[in-house]
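Here is a note for a colleague who is meeting this structure for the first time. Please keep the model open while reading the numbered points.

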Amino acid sequence: MPSDRNKTIRVEDLDSENLYKKVISDFSEFTDCINKTIHGDSIELLKKIPSKSLDLIVTDPPYNLTKDYAWTKFKSSTNELYEERLDLWMWELRRIAKDNASIYVCCDWKSSNPVFNIMSKYFKIINRITWEREKGRWASNNRKNCIEDIYFGVVDDNNYTFNLDAVKIKRKVIAPYKNEKWEAKDWSTEIDWNFRLTSPSNIRTDISIPFWSMPENTTHPTQKPEKLIAKIILASSNPWDIILDPFLWSGTTSVVAKKLDRKFIWIEQKWDYCVISSYRLELAEKDVSIQWYENGIFRERNTLQERKKDKSLFN
Ligand SMILES: C[S@@+](CC[C@H](N)C(=O)[O-])C[C@H]1O[C@@H](n2cnc3c(N)ncnc32)[C@H](O)[C@@H]1O
């Protein structure tokens, strides 16, 4: 019997008919698709978006894997064929990106080379972020796969948004060094714990995949965590910027964008996922919290005791 604490969102428990009414399947004016989930084929719909209209693109396309997900199947192909498919939509993304836009593309280790090859044809790749996805796929004769790459690219590496202060991490200081005047060296004390605000690196080890007791969890095996996407959106966009995700799945990018006051356009070919994303957007109207992001600061996991002492977080 499922636990009462199981918060997983399942399409079969939702009012699909009403939720689907909020989804559109076509548009004639660009303004009609702002803050909307569009049900359809990205390759076709991207052609209708005017050139230079997006500030940020965040996307998690189907990887080059044969995989049977809840309602859909993906089939792997050769790297050459996979690159041809990537090229179809990457070209369009470059066309619709503004001159100061950024793009993030998620991939696993197998699709990492093809994604790099095609993305670098159209964008300047300026970093590769590696996320340690704790729950790897096990194998008896191999290491389990626990990483995902996220390529960070820009149109112009002299002109792009990067809000460093918005993505600093509040990290517990293990060795609180002091200078010769006996003052704290780059750290502060809050109630009775010591912390330092540090810059994020391109390795993400503090973000778990969503699991059943988290309100953001859906039935998807590859759902991206809100915290991971929040760090991307905060760093690379400003309030009211327009963000696109052409392969939406369970709706994480749209939900986080809404919570962070960005405008959004989302495309997904499966109606079930459109329904889930509509539902999550409804929830985001009432609750804009993002787990581990409090008062403009990202907290590390396993710091609950320290966080409890910080009264400002729980007022
Ligand atoms: C790996 S999933 C994305 C995961 C998502 N970022 C999340 O956090 O849940 C890829 C999604 O792209 C959708 N998709 C694949 N090809 C598409 C196309 N041509 N047009 C629109 N959606 C497509 C699939 O239905 C699937 O939902």
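1. In which strand does D245 lie? D245 belongs to strand β12, where helices (H or I, at least four residues) and strands (E, at least two) are DSSP runs numbered from the N terminus. The model is a predicted one, in which local features need pLDDT of at least 70 and side-chain atom pairs count only at pLDDT 80 or more, while totals for chains, interfaces and linings use all residues. Residue numbers start from 1 along each chain as its sequence is written.

2. Why does D245 count as buried? D245 is buried because 28 other C-beta atoms lie within 10 Å; the terms are buried for 20 or more other C-beta atoms within 10 Å of a residue's own, exposed for 12 or fewer, and partly exposed in between, with C-beta atoms placed from the backbone. D245 touches V58, T59, T253, S254 and W266, leaving aside residues up to four places away in sequence, and a contact here means that two C-beta atoms, placed from the backbone, lie within 7 Å. With T59, D245 has a C-alpha to C-alpha distance of 5.1 Å, although the two are 186 residues apart in sequence.

3. Strand β2 (54-59) deserves a look next. Six of the six residues of β2 are buried, so this strand is largely enclosed by the rest of the structure. β2 and β5 run parallel and are joined by five bridges, with L56 standing opposite S102 in β5. β2 also pairs with β12 in the parallel sense, over two bridges, and there I57 stands opposite L244 in β12; strands are said to pair if DSSP finds at least two bridges between them.

4. Helix α3 (residues 79-96) has 18 residues and spans 26 Å from its first C-alpha to its last, close to the 26 Å expected at 1.5 Å a residue, where the expected span is 1.5 Å times one less than the number of residues. A bend of about 25° is found in α3 at D87, taken as the angle between axes fitted to the seven residues ending there and the seven starting there. The buried residues of α3 are Y82, L86, M90, E92, L93 and I96, and they pack against β2 (54-59), β5 (97-107) and α4 (109-122).

5. Helix α6 (residues 252-259) is mostly covered, since seven of its eight residues are buried, namely T252, T253, S254, V255, V256, A257 and K259. The cover over these buried residues includes β1 (36-39), β2, α5 (226-236), β12 (242-245), β13 and α7 (271-286).

6. Two backbone angles may be worth checking by eye. Most residues other than glycine have a negative phi. D261, which follows α6, has a positive phi near 60° and is placed in the loop between α6 and β13; D261 counts as partly exposed because it has 13 C-beta neighbours inside 10 Å. W240 has a positive phi near 75° and sits in the loop between α5 and β12, where W240 is exposed, with 9 other C-beta atoms within 10 Å.

7. Which residues come nearest to the ligand? Of the 20 residues around the ligand, these are S42, D60, K224, F247 and W249, a residue being near a molecule if its C-beta atom, placed from the backbone, lies within 6 Å of it. The elements that give two or more residues to this shell are α2 (42-45) and β13 (263-268). By class, the shell has seven nonpolar, eight polar and five charged residues; Ala, Val, Leu, Ile, Met, Phe, Trp, Tyr, Cys and Pro count as nonpolar, Asp, Glu, Lys and Arg as charged, and the others, Gly among them, as polar.

8. F116 is placed in helix α4 and counts as partly exposed, with 16 C-beta neighbours inside 10 Å. F116 touches I125 and Y151, not counting residues up to four places away in sequence, while the C-alpha atoms of F116 and I150, 34 residues apart along the chain, are separated by 9.9 Å.

9. For the protein chain as a whole, the secondary structure comes to eight helices and 15 strands. Of its 315 residues, 34% count as buried. Among contacts with a separation of 6 or more in the protein chain, 70% are between residues 24 or more positions apart.
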